[in-house]
Amino acid sequence: MASSDRGQFSSRFGFIMAAAGSAVGLGNVWGFPTQTASNGGAAFLLIYLLMMALLAFPMLVAELTIGRYGQSNPIGSLRKIWTNNRLLAVLFGTTAMLTASMILSFYAILAGWLIGFGVSPIMKLIGLQSLSEWLITFGTGRNVLLTVIFMLMTVFVVRRGVADGIEKWSSRLMPVLFALFLVLIIYIFTQHGAMDGLKMYLVPNWEHVNGGLVVNAMGQAFFSLSLGVGAMMVYGSYLSKDVNIPKTAGQVAIIDTGVAFFAGLLILPAMFVAKANGVQIFSETGELISSGNLVFTVLPSLFDSMGLVGEIVGVAFFALMVIAALTSSIAMLEVPVSCLQEEMKIKREKSAIILGLVILVFSVLIAANFDTLFDWVATASTMYMQPLLGVVWAIVIGWVWSRNALLKEIQQGYPEIEKTWFWRIWPIYVKVVCPIAIIMVFAYPFL
Ligand code: PHE
């Protein structure tokens with residue numbers, strides 16, 4: 001059982017919503033469609049799905065299991081398993097914490113844009129035309145202001161702890177997001193041009209597949225399931241012992257992949273609908289114009305095409321997206337906060353505020369030097385650090401921890417696991433195949 005002063009998720013549904021809330025975020029709605037659109041559509045989708053099933057899902061089980069066994073922050077949990085080498089536990093726990101903070105520092109900027117797009121139509125409605133324009137126009141002032149607002153929101157939730165803050169918000173709002181997605185997808189398919197997008201999304205063109213695409217797909221899968229950085233480890237540590245980890249992880253992975261798939265089903269057709277409506281999406285040579293901005297060009301044009309209803313739907317959509325981003329950003333901030341709280345014995349409230357401010361300083365730095373820093377920070381943390389930390393967790397599960405102790409931990413919520421095929425395959429798979437496969441994906445371009 002968790003020690004009584006640690007938080008715990010109050011129900012399995014609450015946990016699934018919180019973990020899915022952490023997983024579902026800009027990675028699904030911005031990252032995945034952008035990558036799919038710029039990497040040839042269906043070919044990327046297929047490789048992404050493979051990466052999810054073959055690497056990300058097994059690693060999600062691994063991270064949740066480490067956390068639940070440790071019942072502590074990532075540094076503390078790793079220390080409990082790595083009993084003969086505490087230094088490595090602290091080193092990698094700290095690396096995870098820094099990576100989570102790094103991700104949050106660029107994520108907050110993007111999430112800020114969502115706020116801008118959500119508030120802009122309201123400003124227009126009340127006659128503040130130029131403010132409405134400013135909110136959706138790229139600029140350092142706007143980026144910084146909106147980032148600050150988003151970070152304050154993140155700190156506000158994390159301050160309140162597990163059941164009261166994180167769980168309550170996720171359980172209420174995630175289902176609404178799913179429903180709105182469905183409605184928009186149905187609408188987009190009634191529009192001219194949608195079928196071209198559907199074709200790009202579902203009919204593979206294998207010419208696009210190369211080493212770089214596979215690295216991107218792997219990074220995207222790790223990013224989307226919030227792996228490597230200790231976020232799932234911390235969430236696992238708030239999980240009660242009677243929960244069936246593989247099953248719960250499966251549900252979280254399915255929700256996450258489902259939302260990414262639906263986001264693609266909305267954005268790719270919407271791209272072609274926007275094109276049919278005269279918005280420039282591709283350059284003369286057929287390249288995507290400014291892929292990072294794609295979603296922010298295509299969606300407003302979709303809402304515009306819906307007339308007055310579109311304004312309302314647009315506000316609702318971006319509001320929900322801000323919430324999806326928030327349920328992810330709180331998971332990121334929870335990593336360093338739990339470390340500070342438990343390792344340094346600093347109160348949660350204070351930890352959340354201090355760390356929120358420190359990360360905000362980095363965010364503002366990135367926002368102010370957007371062209372030079374943004375891509376670098378995003379690529380280093382998500383494409384490289386997340387999968388590489390995954391390799392470390394695979395080694396911890398497979399080589400450091402005893403197989404018996406591992407079995408015992410999972411068995412508590414799944415007594416019959418010994419008899420399943422999952423148990424026959426998974427431990428050896430995580431021990432050998434996962435680390436080798438992850439490293440090979442990186443090495444491939446050099447072979
Ligand atoms: N999975 C989140 C998303 O898709 C991002 C995330 C990464 C959240 C790492 C927590 C930790 O947006």
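Which residues have the most contacts inside the largest nonpolar core? Let's start there, keeping in mind that this is a predicted model.

## The nonpolar core

Met271, Phe317 and Trp426 are the residues with the most contacts inside the largest nonpolar core, a set of 160 residues. Take Phe317 as a way in: setting aside neighbours within four places in sequence, its contacts are Val29, Leu180, Phe181, Leu184, Leu266, Leu299 and Phe303.

Helix α5 (residues 86–125) packs against helix α16 (residues 370–400) at an angle of about 140°, and their axes are 9 Å apart. The two helices are therefore oblique to each other, since an angle has to be over 145 degrees to count as roughly antiparallel. Their crossing is left-handed. Sorted by class, the residues in this contact comprise 18 nonpolar and six polar ones, with no charged residues.

Have a look at Gln71, which sits in the loop between α3 (42–70) and α4 (74–81). Its relative accessibility is 11%, so Gln71 counts as buried. Along the chain, Gln71 and Ser237 are 166 residues apart, yet 4.3 Å separates their C-alpha atoms.

## Two loop residues with positive phi

Ser226 belongs to the loop between α10 (211–224) and α11 (231–237). Its phi is near 55°, a positive value in a residue other than glycine. With a relative accessible area of 8%, Ser226 is buried.

Lys345 is found in the loop between α14 (307–343) and α15 (348–368), and phi of Lys345 is also positive, near 55°. At 68% relative accessibility, however, Lys345 counts as exposed.

Technical notes: Residues are numbered from 1 along each chain as its sequence is written. This is a predicted model: local features need pLDDT of at least 70, side-chain atom pairs count only at pLDDT 80 or more; totals for chains, interfaces and linings use all residues. Side-chain values use heavy atoms; hydrogens and water are left out. Axes are lines fitted to C-alpha atoms, for helices over the stretch in contact, and angles run from 0 to 180 degrees between N-to-C directions. Helices (H or I, at least four residues) and strands (E, at least two) are DSSP runs, numbered from the N terminus. Angles under 35 degrees count as roughly parallel, over 145 as roughly antiparallel, 65 to 115 as roughly perpendicular and the rest as oblique. A crossing is left-handed if the near helix is turned anticlockwise from the far one by less than a right angle, and right-handed if clockwise. Ala, Val, Leu, Ile, Met, Phe, Trp, Tyr, Cys and Pro count as nonpolar, Asp, Glu, Lys and Arg as charged, and the others, Gly among them, as polar. A nonpolar core is a set of buried Ala, Val, Leu, Ile, Met, Phe, Trp, Tyr and Cys residues joined through side-chain atoms within 4.5 Å. Buried means under 20% relative accessible area, exposed over 50%, partly exposed in between (1.4 Å probe, protein chains only). Contact means heavy atoms within 4.5 Å.
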